[in-house]
Each structure stands twice: as structure tokens, then as C-alpha cells.
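I opened this model to look up a few residues and some overall totals. My notes follow.

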Amino acid sequence: MGVECACEEDLNCVRERWSEALIKRREYLDEQINKIINKQEKSEEDMEREARLVEQWVGLTEEKNAVLVPAPGSGIPGAPAHWAPSAGMEAHIPVLFLDLNVSGPTLPGLNSILPKEHGSQFFYLPIIRHSDDEVSAMCSWDSSIHDSAHLNRVTSPNERIYVIIKATVQLSHPASMELVVRKRISVNIYNKQSFTQSLKRRMSLKNMLYSCGVTYEILSNIPKVNSFTVTV
């Protein structure tokens, strides 16, 4: 039941902005390297500085490649998962980009859609209870608000219905803003059962998961380019 994003707009934005920063840095290095190359006579200090600049230039090329095609477990946003998630947790870690350096209203995650999400209408579920001890909430479900035959009948034991849950989260730090998270889940609809019936059902479905989750990576800004910290 993977939920790898078919369109991770936030991740694409991070890569684009990061690549732009690397290009600007490379242009600066090109300018400084050419100044030294065009000198008629080079001092020992000039040659040492030229070597440092060339080293940084090579490092920028490697970093750009890593940004666009990150290695598993590299820690770079969008890198393939390199961990062992617990049962029910998604292996893929989607990226949400807050982009705090851009003024104007933004809603991270709004357009990072999931596979087979075709822009269908989402239905608002009123929150009827929330927990003060943990981040959780209980919502009411009204089957009359949708027009899906699959959700209006009992599901056969060997069937599962896939639905997408979309939640808007209000942040207070590092800025007061909202972001959107999504999760695709599989459900089985059945009639209200007695305690004995419920117990028998659980015993017959030993491998059934009753909880699931997804981990999001949230970036407030573009990661700093390492070579920017080197004094030239």
C-alpha cells in the first residue's frame, strides 16, 4: 500500500531553487578562476587560491548531481528511503517545502498529489473529538455526502477500498502557516458487530493492520551550499 507521490511539487521546487543557487555560485567561481588565469605573473598565494577555487568548482558539480539524483540514505531531500519502517509505516518520505524566503501566501503540500488521485472532490469531515495528550482527532463520517457505490455497501472479506485522507495542519514554528498532508489508506466496511463477532473477526484476520502512517520531511529553506562557507 505505497503512497509515493506522483507529483511532488514541493520537492521539485527545492531542487530547482537549490540548483539555481549552485549555478550562481559556479558563475562566481568561474569569474574568480579566470581572473587568476589571466594574470601575467602568479604568486604562490595566487596558485594556492586557484587550487582552492577549482576544488570548490568540482565540488559544486558533484553537489548538483547529488541534488538531482540523491543517493539512498544521503540525507538530501528526495533521497530514496534507506530505513526499515515499522509495520504500517510508508517507506517513502515525501518532502514539504515551506519556502520562508518567498513572500505571499503559500500552502506547502497542496499540489503534491498521490497516485490515482485525479482531482476528485474531497469531503470535509467535522472533528468531533481531539486528544490533548497526543496529536490525534476523531471525525464523523456521513455516507450520504458522497456518491460512491463502494462506500455505500458492506465490503466483501477479500476486497479493500482505497481512500485518500487530506489534512490541513496549522504550524506555529518556524512561521505561522498551514500545510497539507496526504495519506492513502485501505478500508473494509462492515456492519456494526457485537463484541463476540468483533473478536472472532479479529482472530480470523491475524495479519490485519489497524494503524498506518507516513513520515514527512519538512524544509523551511533551501539547504545551505557547503562551498559558500569557504573563504576565498
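I started with E50 and its contacts (heavy atoms within 4.5 Å). Leaving out residues up to four places away in sequence, E50 touches I36, I37 and K42. E50 sits in helix 2, residues 44-68. I then checked its cover: E50 is buried, with a relative accessible area of 17%. Here buried means under 20% relative accessible area, exposed over 50%, and partly exposed in between, with a 1.4 Å probe and protein chains only.

I noted the ground rules next. This is a predicted model, in which local features need pLDDT of at least 70 and side-chain atom pairs count only at pLDDT 80 or more, while totals for chains, interfaces and linings use all residues. Residues are numbered from 1 along each chain as its sequence is written, and side-chain values use heavy atoms, with hydrogens and water left out.

I went on to the fold. The protein chain has 3 helices and 6 strands. I take both as DSSP runs numbered from the N terminus: helices are H or I with at least four residues, strands are E with at least two. Read from the N terminus, the order is α-α-β-β-β-β-β-α-β. Of contacts in the protein chain with a separation of 6 or more, 68% join residues 24 or more positions apart. Of the 232 residues in the protein chain, 25% are buried.

Most residues other than glycine have a negative phi, and most peptide bonds are trans. D99 has a positive phi of about 50 degrees and is not a glycine. I found D99 in the loop between strand 1 (95-97) and strand 2 (127-130). D99 counts as buried, at 10% relative accessibility. The peptide bond from H173 to P174 is cis, with omega near 5 degrees. P174 lies in the loop between strand 4 (161-171) and strand 5 (177-187).

I finished with the surface. The protein chain exposes about 16,000 Å², and carbon and sulfur atoms supply 54% of it. Areas come from the Shrake-Rupley method with a 1.4 Å probe; for residues, only the protein chains shown count as cover.

Which residues make the nonpolar surface patch of about 350 Å²? I listed F123, L125, W141 and I145. Such a patch takes residues with over 30% relative accessible area and no salt bridge, nonpolar side chains (Val, Leu, Ile, Met, Phe, Trp, Tyr) being joined within 5 Å. A salt bridge puts a side-chain nitrogen of Lys or Arg within 4 Å of a carboxyl oxygen of Asp or Glu. L125 is in the loop between strand 1 and strand 2. L125 is partly exposed, with a relative accessible area of 30%.

Terms used:
Patch = residues over 30% accessible without salt bridge, like charges linked within 9 Å, V, L, I, M, F, W, Y side chains within 5 Å.
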